[in-house]
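Work through the exercises below with the sequence and the model at hand. Each task is followed by its solution in steps.

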Amino acid sequence: MNLRVPSIRHDDCDELAALCKAGGDPLRLNVLRALANDSFGVLELAQIFATGQSGMSHHLKVLAQADLVATRREGNAIFYRRALPHTELLGGKLHAALLEEVDNLTLPSDVQARISQVHGQRAAASQDFFSRVAEKFRAQQDLIAGLAQYRESVLAMLDKLSFSEGATAIEVGPGDGSFLPELARRFSQVTALDNSPAMLELARQVCEREQLANVSLQLADALNGVSLEADCVVLNMVLHHFAAPADALKHMAGLLQPGGSLLVTELCSHNQSWAREACGDLWLGFEQDDLARWATAAGLVPGESLYVGLRNGFQIQVRHFQRPAGDTHHR
């Protein structure tokens with residue numbers, strides 16, 4: 001009697017086994033939790049989890065082999081982020097379920113504290129840059145994308161949104177203040193928030209020269225203790241200076257009135273690493289899908305997008321995200 005031995009597709013089994021193996025370690029599960037809305041380099045993750053670099057590299061390799069993490073090169077550094085599950089593929093449903101369970105975990109308090117520490121180190125590096133280059137800010141910006149290269153695109157989107165007569169606006173990180181006159185003409189009251197005294201002084205000079213009576217300047221960190229709300233929040237080339245961009249978008253959403261609009265001008269993802277040193281960029285642009293995903297997670301609805309190609313190989317994305325009119329829950 002011939003018994004038919006069922007054929008086993010070892011490659012399929014291997015994929016599922018790799019996924020199960022990757023999820024079978026508490027440290028790896030916590031790494032996935034930490035990467036929920038952020039990306040970190042191997043040294044940062046080693047610091048966060050108080051473990052050696054070689055040990056962390058091993059864990060990341062196991063996660064990468066199971067397609068649970070993806071990598072992105074930022075200049076000379078490699079950053080790890082969570083890979084999104086593809087539920088139509090083998091193991092995709094298991095991948096999605098694993099991440100769903102992981103997101104219900106609470107990271108140990110010491111790990112959370114060290115994540116804050118890493119964010120603090122990133123923010124300090126960015127702030128130190130702006131305190132050093134304030135006087136040559138515009139020249140630095142123009143190396144990549146000065147306001148002149150995207151001003152008309154942002155204004156076209158602003159004017160299309162047709163704000164009411166008494167509408168208010170906030171510009172986070174106004175740089176040298178060049179965009180404030182445009183906002184002052186379109187809104188009844190404009191607030192400029194910056195955590196760099198040197199940059200805020202440049203913006204003050206613009207307000208004085210242009211006699212902008214409806215603009216108020218505040219030395220403040222937009223991510224901490226700002227209780228303002230406005231109909232429109234503008235971020236021009238600012239998000240790539242934030243230590244945790246996804247968290248930053250969540251805070252920006254909290255500055256919006258119900259029905260309000262967030263306008264984000266940003267570089268698309270690029271690989272020109274000199275921008276870190278020359279312009280103090282923490283991130284080399286962003287993928288369009290990431291901005292939409294982070295905005296949606298912050299409770300915003302993605303709207304229109306414009307893309308501007310620049311001669312120096314960079315591309316700018318101008319994005320509109322809206323807080324739903326019925327969203328009266330104050331974040």
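A residue counts as buried under 20% relative accessible area, as exposed over 50%, and as partly exposed in between. The model used here is predicted.

**Exercise 1.** Find how many aromatic pairs the whole structure holds, and classify each by the angle of its planes.

Solution.
1. The search returns two aromatic pairs.
2. In one of them, Phe-163 and Phe-187, the ring centres lie 5.0 Å apart and the planes meet at 55°, so this pair is tilted.
3. Phe-163 sits in the loop between α8 and β4, and Phe-187 in the loop between α9 and β5, so the pair ties together parts 24 residues apart in sequence.
4. For Phe-286 and Trp-294 the centres are 5.6 Å apart; with planes at 80°, over the 60 degrees cut-off, the pair is edge-to-face.

**Exercise 2.** Decide whether Phe-163, Phe-187, Phe-286 and Trp-294 are buried or partly exposed.

Solution.
1. Phe-163 has 25% relative accessibility and is therefore partly exposed.
2. Phe-187, with a relative accessible area of 4%, is buried.
3. Phe-286 is buried at 1%, and Trp-294 is also buried, at 12%.

**Exercise 3.** Describe how helix α11 (residues 245-254) and helix α13 (residues 288-297) cross.

Solution.
1. Their axes come within 9 Å and cross at roughly 45°.
2. The two helices are therefore oblique to each other, and α11 passes α13 in a right-handed crossing.
3. On α11 the contact uses Pro-245, Ala-246, Leu-249 and Lys-250; on α13 it uses Leu-291, Trp-294, Ala-295 and Ala-297.
4. Sorted by class, this contact has seven nonpolar residues, one charged residue and no polar ones.

Technical notes:
Residues numbered from 1 in each chain as written. Predicted model: local features only at pLDDT ≥ 70, side-chain atom pairs only at ≥ 80, totals over all residues. Heavy atoms only, no water. Axes fitted to C-alpha atoms, helices over the stretch in contact; angles between N-to-C directions. Helix = DSSP H or I, 4+ residues; strand = E, 2+ residues; numbered from the N terminus. Parallel < 35°, antiparallel > 145°, perpendicular 65-115°, else oblique. Left-handed = near helix turned anticlockwise from the far one by under 90°. Contact = heavy atoms within 4.5 Å. Nonpolar A, V, L, I, M, F, W, Y, C, P; charged D, E, K, R; others polar. Phe/Tyr/Trp six-rings, centres within 6.5 Å; stacked < 30°, edge-to-face > 60°. Buried < 20%, exposed > 50% of the residue type's maximum accessible area, 1.4 Å probe, protein only.
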